Amino acid sequence: MSAGVATRVLLADDHNLVRAGVRKILEAHREVEVVGEVGDGESALRALETTPTDVLVLDLTMSGTDGFEVLQRAKVKHAGLKILVLTMHASPEYVARAVREGADGYLLKDSAVQDLVAAIEAVMQGRTYFSPPIQKELGEILRAEGTRRRLLDQLTDREREVLRFVAEGLSTKEIASRLAISTRTVETHRAHLMRKLGMRSVARLTQFAIREGMLGAP
C-alpha cells in the first residue's frame, strides 16, 4: 500500500455481524479505508460500478448472486480490482473454484484478525495471499490434479473418445455406432478405462470426465 494513500476496501457478506467485525479490524489501520459494505452479490456488483474500490473482500455463500458469480463478473469488468475471498469454507472444491475464477487471496473467517490486513497489503503489491490451511489445500489440489493428468495421459485416443461418450450418457450400442466399431470392442475399451483409471463404475468415469473438462470436447 502506498504511503499516505489509503487502500479502498468494499465488504460483501450477508451477515451483518461479520461485516461489523471485519470493518472494526480494518478501521484500526489508517492505511485502509472501508468505502462501503453490502449484503448480497447484486449489491456488490452495483457498488463496484459507483464506488472506487481497490480491494473487494468477498464472502462466497450469499443469497441470490453468490460470491463465485460476483468474482467472475467483477474480474471481467474491473481489471485492476483485487478480490480477497473471506469465507468459512475450506473444502478443496471451494478453493479450487475461487482460484480458477481469479481470486487474489483466500482467507478463512476465523483467521481474519491475524491475516486480513496482511492479505490486503499482499494483493496491493501484486502478490497472492492464502491462509495457512488454504495453502495446504492448494497443495493437495495440485497433487490431485497432477495425478489425474498422469492417469489421463495413459489413455489412448480411442479410449478418450469412449470415455467422453460414456460420460455423455450414450449406451454401448450408441457408442459403437458413433465410432463404427462393435459393441464388444466398446466394452473392451470401457474395461480398459476402468482398469487404467482405477474406477469401477460408469458414474465414477463420468465424474472423472467432467473434472477433466472432457464433455463437449471435439
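Which side chain meets that of glutamate 49 in a salt bridge? The side chain of lysine 77 does, at 3.2 Å from N to O, a salt bridge being a side-chain nitrogen of Lys or Arg within 4 Å of a carboxyl oxygen of Asp or Glu. This is a predicted model, in which local features need pLDDT of at least 70 and side-chain atom pairs count only at pLDDT 80 or more, whereas totals for chains, interfaces and linings use all residues. Residues are numbered from 1 along each chain as its sequence is written, and side-chain values use heavy atoms, with hydrogens and water left out.

View A. Glutamate 49 lies in helix α2 (residues 41-50) and lysine 77 in helix α3 (residues 67-77), so the pair ties together parts that are 28 residues apart in sequence; helices are DSSP runs of H or I with at least four residues, numbered from the N terminus. Lysine 77 is exposed, with a relative accessible area of 58%, while glutamate 49, at 45%, counts as partly exposed (buried means under 20% relative accessible area, exposed over 50%, partly exposed in between, with a 1.4 Å probe and protein chains only).

**View B. The salt bridge of glutamate 69 with arginine 73.** These side chains meet at 3.1 Å, N to O, and both residues lie in helix α3, 4 residues apart, about one turn of the helix.

**View C. The buried face of helix α8 (residues 172-179).** Thr172, Ile175, Ala176 and Leu179 are buried. Seen down the axis of α8, these residues fall within an arc of 100 degrees, so they line one face of the helix, the arc being that of the directions from the helix axis to the C-beta atoms. On the other side of α8, Lys173, Ser177 and Arg178 are exposed.

Notes
Helices (H or I, at least four residues) and strands (E, at least two) are DSSP runs, numbered from the N terminus.
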